[in-house]
Amino acid sequence: MTDLTQKILNFIDLHKGEENKKSVIENITGSVSFRGSNIWILACAIIIASVGLNVNSTAVIIGAMLISPLMGPIVGAGFGLGMYDFELLKKSVKNLIIATLVSLATSTLYFYISPFKEAQSELLARTSPNIYDILIAFFGGLVGVIAVTRVEKGNPIPGVAIATALMPPLCTAGYGLALGNYIYFLGAMYLYTINCVFICIATFLIVKYLKYPITKQLDQKHQKRVKYGITILILFLITPSVYFAYQLYDQKSYNSKVEVFLLNEFHNRDYPIIYKKIRYNSDPKKIELAFLTKKFSDSEIVAINKRLIDYDLTNTKLIIRQDTVNLSRDIMNQINNNQTVVDKKDILINNLRNQLSQYQFNTNQINNEVKILFPSVISIAIGNYTIETKENKSKIIPIILYQTQKELDLQTQKKMKLWIKERLAKDSIEVYLQNK
């Protein structure tokens, strides 16, 4: 072994700064039990995390994860497995089951009585685990157990509690039970199981590397059984997560292609999109769109659908919604669910245009017409006046000022007022003679 290699090994040696093994084992054994105060702390943390998921607050969820004492029995199980201390392993698993049941019961009760039942984004994120969740749990577990075995613990433990996220999946599982949604329940419990198992496996590996004392000597046959059992468990959990990860990759890739398609076909042509919904799981896949002002003919829609192939959007159908009956309701639903893709700038511009149209009149044209119909009229000016109704609503009334060569009789005045009212398509107007 060269000097350089030896220096590198010394540089990364985990034995440096290691705490006395006996003290570590005592601390781990003491943190395994779930009795008295630990149960109360866990229940309170679960309620805090459930509230965070309910109101979609990341900060509240993080706070709950920092409070949670769930890491204790999981790390204890890893130590028990690594030292072949089956009493510690049995005790850790038993307490982890108790903690899990308490957490599920608390979160289920909360979501059952909570008036807010909508599935927020923070909650939905815990229903579809994938291979990345395994990596987070494993490396988070490594950081956690390394910190536990140090003389100076430092501050990794809070970060591990946040990264591995044991609380949110349990709360999401409780949400699924409360609403009878077993897809949410199973997805969240799968994520929770992944976190527990891979934190435990990471702990097992570090315990073996640091050569913690073996409590019970096992022959080669039994040691192989333990290793085979761990390997089978890893494969059992990894297989579906790899499939979910592939689905996630495929969906993100598809969404990227859709964005390129929308950019080239619509955004670059100044066609503001006010409604967008991508139905990835339908067959064929569907892209539903609605536009602020642009109306497409049937032939244009067919032509755009044909161009989907150019963007590698196979098995996809573009649907342009141009009916206004249900579209407004769908847009409001998207806004309420924080999923809106409406360009707020375009909506604001359109609203301002509508408002300005209420104030603008073709005065020159009206002047020319009124002089033909009422020759005595020299000029006419039109403006708008906004009043507040009894219902506290704003009402715009056109104000017409006119000048004449000679005063109009009452019948002519009435006739001119009716004509202007019809010409401006207004329910009410005010007409006044302007003195010269």
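E265 lies in helix α12 and R307 in the loop between α13 (298-306) and β3, so the pair ties together parts that are 42 residues apart in sequence. Helices (H or I, at least four residues) and strands (E, at least two) are DSSP runs, numbered from the N terminus.

I noted for myself that this is a predicted model, in which local features need pLDDT of at least 70 and side-chain atom pairs count only at pLDDT 80 or more, while totals for chains, interfaces and linings use all residues. Residues are numbered from 1 along each chain as its sequence is written, and side-chain values use heavy atoms, with hydrogens and water left out.

**Entry: the burial of the pair**

Is E265 buried or exposed? I looked up its relative accessibility, which is 5%, so E265 counts as buried; buried means under 20% relative accessible area, exposed over 50%, and partly exposed in between (1.4 Å probe, protein chains only). R307 has 26% relative accessibility and therefore counts as partly exposed.

**Entry: the other salt bridges**

How many salt bridges does the structure hold? I found that it holds 6. In one of them the side chains of R279 and E288 meet at 2.7 Å, N to O. R279 is partly exposed, with a relative accessible area of 33%, whereas E288, at 9%, counts as buried. I also noted that R279, E288 and R321 are linked in a network of salt bridges.

Another salt bridge joins the side chains of R423 and E369, at 2.9 Å from N to O. This pair links distant parts of the chain, as R423 is in helix α17 (residues 410-424) and E369 is in helix α16 (residues 363-373), 54 residues apart. R423 is partly exposed at a relative accessible area of 32%, and E369 is partly exposed at 21%.

**Entry: the sheet**

I then turned to the strands, and found that 3 of them form an open sheet in the order β1-β2-β3, with mixed pairing; two strands pair if DSSP finds at least two bridges between them. The edge strands are β1 (273-279) and β3 (316-320), each of which pairs on one side only. From one strand to the next the twist averages 15°. Strand β2 (residues 285-291) is joined to β3 by 5 bridges, and the two run parallel. K285 stands opposite T316 in β3.

Helix α12 (residues 220-265) lies across β1, β2 and β3, running at about 150° to β1. For such values, axes are lines fitted to C-alpha atoms, for helices over the stretch in contact, and angles run from 0 to 180 degrees between N-to-C directions.

**Entry: helix α12 against α8**

The axes of helix α8 (residues 131-148) and α12 come within 7 Å and cross at roughly 125°. These two helices are therefore oblique to each other, given that angles under 35 degrees count as roughly parallel, over 145 as roughly antiparallel, 65 to 115 as roughly perpendicular and the rest as oblique. I listed the residues that make the contact (heavy atoms within 4.5 Å): I131, Y132 and I134 come from α8, and L237, I238, S241, V242, A245 and L248 from α12. By class, the contact of α8 with α12 has 8 nonpolar, 1 polar and no charged residues; Ala, Val, Leu, Ile, Met, Phe, Trp, Tyr, Cys and Pro count as nonpolar, Asp, Glu, Lys and Arg as charged, and the others, Gly among them, as polar.

**Entry: helix α3 against α10**

Helix α3 (residues 37-55) and helix α10 (residues 167-179) pack at an angle of about 75°, with their axes 9 Å apart. They are therefore roughly perpendicular to each other. L42, A45, I46, A49, S50 and L53 of α3 make the contact with M167, P168, L170, C171 and T172 of α10.

**Entry: the whole chain**

Finally, I looked up the totals: the secondary structure of the chain comes to 17 helices and 6 strands, and 39% of its 436 residues count as buried.

Definitions and conventions. A salt bridge is a side-chain nitrogen of Lys or Arg within 4 Å of a carboxyl oxygen of Asp or Glu.
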